[in-house]
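Dear colleague,

I would be grateful if you could read the account alongside the model.

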Amino acid sequence: MINKKSSEAAANTSTHSSKDLITVALALAAVTAFLHLYIGILVYGIPLGIPLILIALVYLGGIALIAKNIRRELWLKTGICWIIIVIVLWAASAAVNAPNTNIPLAYASKAVEFILLGILLRLRRASRP
């Protein structure tokens with residue numbers, strides 16, 4: 001009886017913790033989406049900022065799908081790959097001295113993405129049986 005209660009309590013805590021991590025992940029995704037929009041529209045302008053605007057739209061779409069719990073596990077896994085791709089593309093752009101890749105907002109965006117990546121990896125590990 002005691003083991004059943006403690007395992008139920010542990011499962012309940014794990015579920016609550018996962019929900020909290022998902023909430024934090026959605027907030028961080030919103031922050032990075034905002035940063036990409038800001039940099040894309042105000043720093044680069046149109047048409048040069050269109051790739052950053054599209055990146056922001058992907059983040060916003062992911063937020064909506066995860067928040068609505070539409071294939072949440074799939075989108076959380078896909079988000080890991082997406083963040084890695086975005087970071088690698090930024091690093092490649094910075095390596096060739098592309099304009100505005102070394103501004104503080106770009107570094108802030110990457111910092112948020114690295115934290116988001118860590119949270120998504122933690123969520124994935126927690127969801128494994």
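On a 1 Å grid over the protein atoms alone, a cavity is a set of points where a 1.4 Å probe fits but cannot get out, while a pocket is an open set with protein on both sides within 12 Å along at least five of seven lines; lining residues have an atom within 4 Å of a point. Grid points are joined across faces, edges and corners, and a volume is the space filled by probe spheres set on the points.

This is a predicted model, in which local features need pLDDT of at least 70 and side-chain atom pairs count only at pLDDT 80 or more, whereas totals for chains, interfaces and linings use all residues. Residues are numbered from 1 along each chain as its sequence is written, and side-chain values use heavy atoms, with hydrogens and water left out.

The cavity. The count comes to 1 cavity of 30 Å³ or more, and the volume of the largest cavity is about 40 Å³. Its lining consists of E73, L76, K77, I80, L120, L123, R124 and S127. By class, the lining has 4 nonpolar, 1 polar and 3 charged residues (nonpolar: Ala, Val, Leu, Ile, Met, Phe, Trp, Tyr, Cys and Pro; charged: Asp, Glu, Lys and Arg; polar: the others, Gly among them).

The largest pocket has a volume of about 380 Å³. Of the 18 residues that line it, Y44, L52, W90, S93 and T101 lie nearest its centre. Two or more lining residues come from each of helix 1 (2-44), helix 2 (50-67), helix 3 and helix 4, and helix 3 gives the most, with 4. This lining comprises 12 nonpolar, 5 polar and 1 charged residues.

The second largest pocket holds about 280 Å³ of space. Its lining has 19 residues, with V58, G62, I66, W75 and G79 nearest the centre. Here helix 2 gives the most, with 7 residues, and the lining divides into 15 nonpolar, 4 polar and no charged residues.

The loop residue. P99 lies in the loop between helix 3 (72-95) and helix 4 (104-127). P99 is exposed, at a relative accessible area of 56% (exposed means over 50%, with a 1.4 Å probe and protein chains only). The C-alpha atoms of P99 and Y44 are 8.8 Å apart, although 55 residues separate the two along the chain.

With kind regards

Definitions and conventions:
Buried means under 20% relative accessible area, exposed over 50%, partly exposed in between (1.4 Å probe, protein chains only).
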